[in-house]
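Please open the model below in your viewer and keep the selection tool handy. We will go from one stop to the next, with a word at each on what to select and what is there.

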Amino acid sequence: MTYETPVATAPAAARAVTPPTRKEGGVLSKRRGAVATVIMAVLALLWLFPLVWALINSFREYEYTQVNGYLSFGGWTTSNYEQAWSQGNFGLHMKNSLLITIPAVLLTLWLSSMVAFVLARFSYRFNLALLGVFLAANLLPPQALLIPVFRMFREIPLPYFMSDSGSMLNSFWALILVNTAFQMGFCTFVLSNYMKTLPYEIYESAELDGASVWRQYWQLTMPLVRPALAALATLQVTWVYNEFFWATVLIQQGDKLPVTSALNNLRGQFFTDTNLVAAGSIIVALPVLVVFFALQKQFVSGLTLGSTKG
Amino acid sequence: MTHLDEAPRSEKTEKAVAPAQGREKKLPGRDRLTVIVMVAVPLVLVVLLVWVPALLSVALSFGKWNGFGDLDTIEWVGFQNYQDIFTIYPAFWPAVQHNLIWLGFLFLLPTVLGMLLAVVLDREMRGSRFYQTAFYMPVVLSLALIGFIWQLFYSRDQGLINQVFHSEVDWYGDPDINLWAVLVATAWRHTGYIMLIYLAGLKGVDASLREAAAVDGANEVKTFFQVIFPVMRPINMVVIVIVVIESLRAFDLVWVINKGRNGLEVIGALVAQNVIGEATRYGFGSALAVIMMLISSIFITIYLRTVFREERQR
């Protein structure tokens, strides 16, 4: 599931970002409440367990766990991280991920906000069809496009200062563009719904002031949709960082792989040492977990943007 | 792109289609150019990288091509590829079966569980935030990473499961069980995702509806099925589409484990195998891709119709 399917039904984007104050689904009776709490607590701990287990074992010596088994306690060390970091070449792969993710997210937000603006600001006959073109692209299985895209990129030459592979294949440019093309649908949809909640009068007065369409977009609309942009940016950073399929098939030079796809090779390397796998997992998870905890609200509102009926 | 100039120009169409916001006048030339560029640049990108390749996949599926020579080295064979897939390609039917198991499993366990969690957590409950965080934390992780993490449980020699039960099962390697091992790992992530969607959907359920039901003496279960569930209908529709498409796209997990072989064949992995595997069979791979595309297009249509119906109602 490289590309998260967009969740988008009846949108009330503006309200989704600042959650509506409303009564929750009522208070449970005392006994039922207690039962529900116990079940929830057990399930929640069960859900946290894999990550906690990875975290614990990432700090344990391989020799210790080999002798005493994993159900023991002790053998603490940080050497797994040092070893995983250097052996997995994480510094390089993290840099690759960064060089792909940041431009892809910025480009996606910029391009989709332009389409969204046109969709929200004007009501052309083709609006719905246009939205459909972007949204459906978001849902197509990427495998269905693999062969032509792969072959096309092999044919497109790039100057060497852009990619040392000399073609779009094995270049970051390819991944940036493909990710952007796929993610635009969701962002366009969310942003245009958000923009539709802005009062139309602001455009009328802007027009009276003689503001061009571009200024209405860049200087009037964009600042107003900042909450939605922030939510989408959070979401997109995690999605593009997590993208696996395209990076796996379009990048064949191991040193150019972003982190998520590099896991494929690491599995063979770390195969014999589970503690190393644990440390590697935590390293790869850390950036998205940091984003998640720092911007949890943005993340959740981004995912659910447009899926509440207000 | 010609429509772009025409649409706002003719008054008739403007009146006919103009909904609430159709108040724009004819734009001055420079602004019209701006609008065209604003739409055209993203459109070109999505058409070139998604829609043109989609059509090319369909075309290629009728040929035989190793992908190395020029386009004129393609040998056109009609429906031969499809026929081969359905009759002699050994991996195809197992893959279909696995995708269907994937779909059924996702529906029966994580989807239902996610919905129930959402219904419970929607209540005023102490620690609701904490529980929600716990359930959707795996959602931010990639499936490739999840396959990696679960190796800590599934590894034959060092995995937790075998250590606890003193068993010697190769959970990822044994073709009879590895699919189920993978599905459990998927469920870990999928449940939180579905929960999140329903939580958002439940916010739309009017609290007074529920109170009215409670006053009428309806119990929890009854309230759920008679009041809440019907209100969530559009969400249910979207969830169905999501689950189907996710199951069809299944790729990352199986690829990171064994490149989709040995009990983990899924259609998505077969396509990739035919392109970046040992043998490059572009026509054959394209035919597989087209099969995926056809199945997904049914559900994409359902999805778009649901979305656009909501859109028009606004």
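Predicted model: local features only at pLDDT ≥ 70, side-chain atom pairs only at ≥ 80, totals over all residues.

Residues are numbered from 1 along each chain as its sequence is written, while chains are lettered from A and ligands numbered from 1 in the order in which they are written.

**Stop 1: chain A as a whole**

Of the 310 residues in chain A, 53% are buried. Buried here means that 20 or more other C-beta atoms lie within 10 Å of the residue's own; 12 or fewer makes a residue exposed, anything in between is partly exposed, and the C-beta atoms are placed from the backbone.

Next, think about contacts, meaning pairs of residues whose C-beta atoms, placed from the backbone, lie within 7 Å. Among those in chain A between residues at least 6 apart in sequence, 76% join residues at least 24 apart.

**Stop 2: the annotated spans of chain A**

Now select residues 33-56, 98-119, 126-150, 170-191 and 276-295 of chain A, which an unreviewed UniProt entry lists as "transmembrane region". UniProt positions are given in the numbering used here, feature names are shortened, and annotations may be inferred rather than shown by experiment.

Two of these spans are worth a separate colour. Residues 126-150 of chain A are 72% helix and 0% strand, with end C-alpha atoms 31 Å apart. For residues 170-191 of chain A, the figures are 91% helix, 0% strand and 32 Å between the end C-alpha atoms.

**Stop 3: two asparagines in loops**

Go to A:Asn89, in the loop between helix H4 (79-87) and helix H5 (90-121) of chain A. Its phi is near 55°, a positive value in a residue other than glycine. A:Asn89 has 18 other C-beta atoms within 10 Å and is partly exposed.

Then jump to A:Asn170, in the loop between helix H7 (146-155) and helix H8 (172-196) of chain A. Phi is positive at A:Asn170 too, near 65°. With 21 other C-beta atoms within 10 Å, A:Asn170 is buried.

**Stop 4: a helix pair in chain A**

Select helix H13 (residues 259-270) and helix H14 (residues 274-294) of chain A. Their axes come within 11 Å and cross at roughly 175°, so H13(A) is roughly antiparallel to H14(A). Axes are lines fitted to C-alpha atoms, for helices over the stretch in contact, and angles run from 0 to 180 degrees between N-to-C directions. Under 35 degrees counts as roughly parallel, over 145 as roughly antiparallel, 65 to 115 as roughly perpendicular and the rest as oblique.

Show side chains for A:Val259, A:Leu263, A:Leu266 and A:Phe270 in H13(A), which meet A:Leu276, A:Val277, A:Gly280 and A:Val284 in H14(A). This contact has seven nonpolar, one polar and no charged residues. In this scheme Ala, Val, Leu, Ile, Met, Phe, Trp, Tyr, Cys and Pro are nonpolar, Asp, Glu, Lys and Arg are charged, and the others, Gly among them, are polar.

**Stop 5: where the chains meet**

Bring chain B into view. Here 97 residues of chain A are in contact with 97 residues of chain B. Colour helix H2 (residues 30-58) of chain A: its twelve residues are the largest share of the side that touches chain B. That side of chain A has 63 nonpolar, 27 polar and seven charged residues.

**Stop 6: inside chain B**

Colour chain B by domain: domain 1 (2-60) and domain 2 (92-313), with bounds from an automatic or database domain assignment. Their C-alpha centres lie 35 Å apart, and their contact takes four residues from domain 1 and six residues from domain 2.

Finally, find B:Ala269 in helix H15 (residues 267-276) of chain B. B:Ala269 counts as buried, with 26 C-beta neighbours inside 10 Å. Beyond its neighbours within four places in sequence, B:Ala269 is in contact with B:Phe251, B:Val254, B:Trp255, B:Lys259 and B:Gly260.

Definitions and conventions
Contact = placed C-beta atoms within 7 Å. Helix = DSSP H or I, 4+ residues; strand = E, 2+ residues; numbered from the N terminus.
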